[in-house]
Amino acid sequence: MPMHTIEPLTYLVDGNVGALNYMACLLQAVGLRAAAFDRTDGFLRAHDPAMPGCAVIDVRMPGLDGLALLRELQQGGAERAIVFVAGGGDVELGVRAMKAGADDFLLKPLEADSFVAAVRHALARDAHERAVRRELQRIRAHLDTLTRREQQVLRHVVSGRLNKQIAFDLGIAEKTIKVHRARVMEKMGATSLAQLVRETLELEAGAVFAGDGVDKDDS
């Protein structure tokens, strides 16, 4: 089953079982999936970074607290939208959580509508970022099909140089540049120069292109 068809899951992590049940009931009442954990180690064992969704985490978890848990996820490469919840005396922790990359911070007792809205916002952000990553992976896969010479030509095209200028810089015939440009457009799946430039810039082209050395087999 393609990942984009999987219904998103909200991980609930709170040491208070009553709070867990309350949050789970709120989400289930509006048709959202939830998985509840009263310990951080149980959450970490069950957490699947590939699963679409978000996590709601109490900043005052016993053992590994919420901020430490966030760092654990980030260091493990998991890109997860996070909503932190906490008691009224933990506002400073909430500020630190937001600075550390949390999407939202809510004070207990949770207000039902605000809680559901925060989760929906986190789910929407997760869906958007996953879509962006899939698009970048698609573009990168196309870029990887280019020869070194075609990558060089693409870099010059993106910088706005004309065919004759590219030909002079690379020391090859202008008609050869036209052939390379056509191949680049085809391999990148671009229907216009504007699309080609946009997609290449999205990948921060200079950081992913091969070096400037001449490929003698593809001049």
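Mentor: The discussion below takes up the terms one by one.

Mentor: This is a predicted model, in which local features need pLDDT of at least 70 and side-chain atom pairs count only at pLDDT 80 or more, while totals for chains, interfaces and linings use all residues. Residues are numbered from 1 along each chain as its sequence is written, and side-chain values use heavy atoms, with hydrogens and water left out.

Trainee: How many helices and strands does the chain have, and what makes a stretch a helix or a strand?

Mentor: The chain has ten helices and five strands. Helices (H or I, at least four residues) and strands (E, at least two) are DSSP runs, numbered from the N terminus.

Trainee: Why is Asp 58 called buried?

Mentor: Buried means under 20% relative accessible area, exposed means over 50%, and partly exposed lies in between (1.4 Å probe, protein chains only). Asp 58 has 8% relative accessibility, and therefore counts as buried. Asp 58 is located in strand E3.

Trainee: Why does His 156 count as buried?

Mentor: His 156 has a relative accessible area of 16%, so it is buried. His 156 belongs to helix H6 (residues 148–158). Of the 219 residues of the chain, 42% count as buried.

Trainee: What does Asp 58 touch?

Mentor: Contact means heavy atoms within 4.5 Å. Leaving aside residues up to four places away in sequence, Asp 58 touches Val 13, Asp 14, Gly 66, Val 85, Ala 86 and Lys 108. There is also a distance of 2.8 Å between a polar atom of the Asp 58 side chain and the backbone nitrogen of Arg 60. A polar contact is a pair of N or O atoms within 3.5 Å; within protein, one must be able to donate a hydrogen and the other to accept it, and residues adjacent in sequence count only if both atoms are side-chain atoms.

Trainee: What does UniProt list for Asp 58?

Mentor: An unreviewed UniProt entry lists Asp 58 under "modified residue: 4-aspartylphosphate". UniProt positions are given in the numbering used here, feature names are shortened, and annotations may be inferred rather than shown by experiment.

Trainee: How do you know that E3 and E4 pair?

Mentor: Two strands pair if DSSP finds at least two bridges between them. Strand E3 (residues 53–58) and E4 have five bridges, in the parallel sense, with Val 56 opposite Val 83 in E4. E4 is also joined to strand E5 (residues 104–107) by four bridges, and these strands run parallel. Ala 86 has Leu 107 in E5 as its bridge partner.

Trainee: Which way do the residues of E4 point?

Mentor: Ala 81, Val 83 and Val 85 point one way, Ile 82, Phe 84 and Ala 86 the other way, and all are buried. In a regular strand the side chains alternate between the two faces of the sheet.

Trainee: What makes the β-α-β unit of E3, helix H3 and E4 right-handed?

Mentor: A crossover is right-handed if, with the strands pointing away from the viewer, the path from the first strand over the helix to the second runs clockwise. E3, helix H3 (residues 66–75) and E4 make a right-handed unit.

Trainee: How does the span of helix H5 compare with the expected one?

Mentor: The expected span is 1.5 Å times one less than the number of residues. Helix H5 (residues 112–143) has 32 residues and reaches 47 Å from its first C-alpha to its last, close to the expected 46 Å.
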